[in-house]
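Please open the structure in your viewer and keep the selection tool at hand. Each stop below says what to select and what is there.

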Amino acid sequence: MGNEEREALSAEFQTLRRVRERSPEEEARLKAVRGRLVELLAVPPAGYEAPEAGRRLVEHARAHGWLALEQWGQASDGAPFYTVQVGRAAEDEEGRRIGLGWEFRRTWHSRGAAPGRVRLFGSGTAQTPEVPRTHDAPSVQRIRELITAYPVS
C-alpha cells in the first residue's frame, strides 16, 4: 500500500499546489497531504535502514530548533538512496528573517554498497549566509558544528 498511497498523495499534492486561491478546506487538505507524504518518504524500503550519521544529524538539527527532512528515494536504476536536508532562516537581532539562512543536503546511496546498506554519496549541497549560491556541503560533522553554533532561539 505504501507506493500506491504515495503515488496517489503525490498526485493530489500536485493538484492542490496548482490551485492559486485555496479555500480553508483545500489549505487544510494540502497541509495534511504534505504531512503524510513527509511521513511516507521517511520510511526506508524493505531491508534498509537510515544510516546512523543521517539519523543523528536529523535529531541534532531538531534538538537545536532547525528544520529537518529525511526522505528515501529510488534512482533510475532502482537503487534506493536516503537524503537528509536541514536548514534554518537567518535572523537579525530582533528576530526578523534576513537572507536565505542555512540549508544543507547530504545523500547516502546504496549503489556499490552491500545489500541493505547505504553509504555517503558525493559532497552534498549547501547554501549559507556567507555563500548564498549553491555550493559543496561541508562534512556531516561540520554541519553539526554549525547547527550547534546557530541554534534557533
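**Stop 1: the whole chain.** Show everything as a cartoon. This is a predicted model. Its elements are 4 helices and 5 strands, and from the N terminus on they follow the order α-α-α-β-β-β-β-β-α. The C-alpha trace spans about 50 × 45 × 25 Å along its principal axes. The protein has 153 residues, of which 32% count as buried. Of the contacts between residues at least 6 apart in sequence, 48% join residues at least 24 apart.

**Stop 2: two helices.** Select residues 52–63, which are helix 3, and residues 140–149, which are helix 4. Two packed helices are described by the angle between their axes and the distance between the axes. Here the axes come within 10 Å and cross at roughly 10 degrees. Angles under 35 degrees count as roughly parallel, so helix 3 is roughly parallel to helix 4.

Now show the side chains where the two helices meet. On helix 3 they belong to Ala 53, Arg 56, Leu 57, His 60 and Ala 61; on helix 4, to Val 140, Ile 143, Arg 144, Ile 147 and Thr 148. By class, this contact has 6 nonpolar, 2 polar and 2 charged residues.

**Stop 3: the rings.** How many aromatic pairs does the structure hold? There are 6 aromatic pairs. Select Trp 72 and Tyr 82, a tilted pair with 5.1 Å from centre to centre and 45 degrees between the planes. Trp 72 is in strand 1 (residues 67–74) and Tyr 82 is in strand 2 (residues 80–91), so the pair ties together parts that are 10 residues apart in sequence.

Are these two residues buried or exposed? Buried means under 20% relative accessible area. Trp 72 has 4%, so Trp 72 is buried; Tyr 82, at 0%, is buried as well.

**Stop 4: the cores.** The largest nonpolar core has 21 residues. Select those with the most contacts inside this core: Leu 57, Trp 66, Tyr 82, Val 84, Val 86, Phe 104 and Ile 147. Helix 3, helix 4, strand 1, strand 2 and strand 3 (97–109) each give two or more residues to the core.

Apart from this core lies another, of 7 residues, including Leu 9, Leu 16, Leu 30 and Leu 40.

Notes: Residues are numbered from 1 along each chain as its sequence is written. This is a predicted model: local features need pLDDT of at least 70, side-chain atom pairs count only at pLDDT 80 or more; totals for chains, interfaces and linings use all residues. Side-chain values use heavy atoms; hydrogens and water are left out. Axes are lines fitted to C-alpha atoms, for helices over the stretch in contact, and angles run from 0 to 180 degrees between N-to-C directions. Angles under 35 degrees count as roughly parallel, over 145 as roughly antiparallel, 65 to 115 as roughly perpendicular and the rest as oblique. Contact means heavy atoms within 4.5 Å. Ala, Val, Leu, Ile, Met, Phe, Trp, Tyr, Cys and Pro count as nonpolar, Asp, Glu, Lys and Arg as charged, and the others, Gly among them, as polar. Rings of Phe, Tyr and Trp (its six-membered ring) pair if their centres lie within 6.5 Å; planes under 30 degrees apart count as stacked, over 60 as edge-to-face and the rest as tilted. Buried means under 20% relative accessible area, exposed over 50%, partly exposed in between (1.4 Å probe, protein chains only). A nonpolar core is a set of buried Ala, Val, Leu, Ile, Met, Phe, Trp, Tyr and Cys residues joined through side-chain atoms within 4.5 Å.
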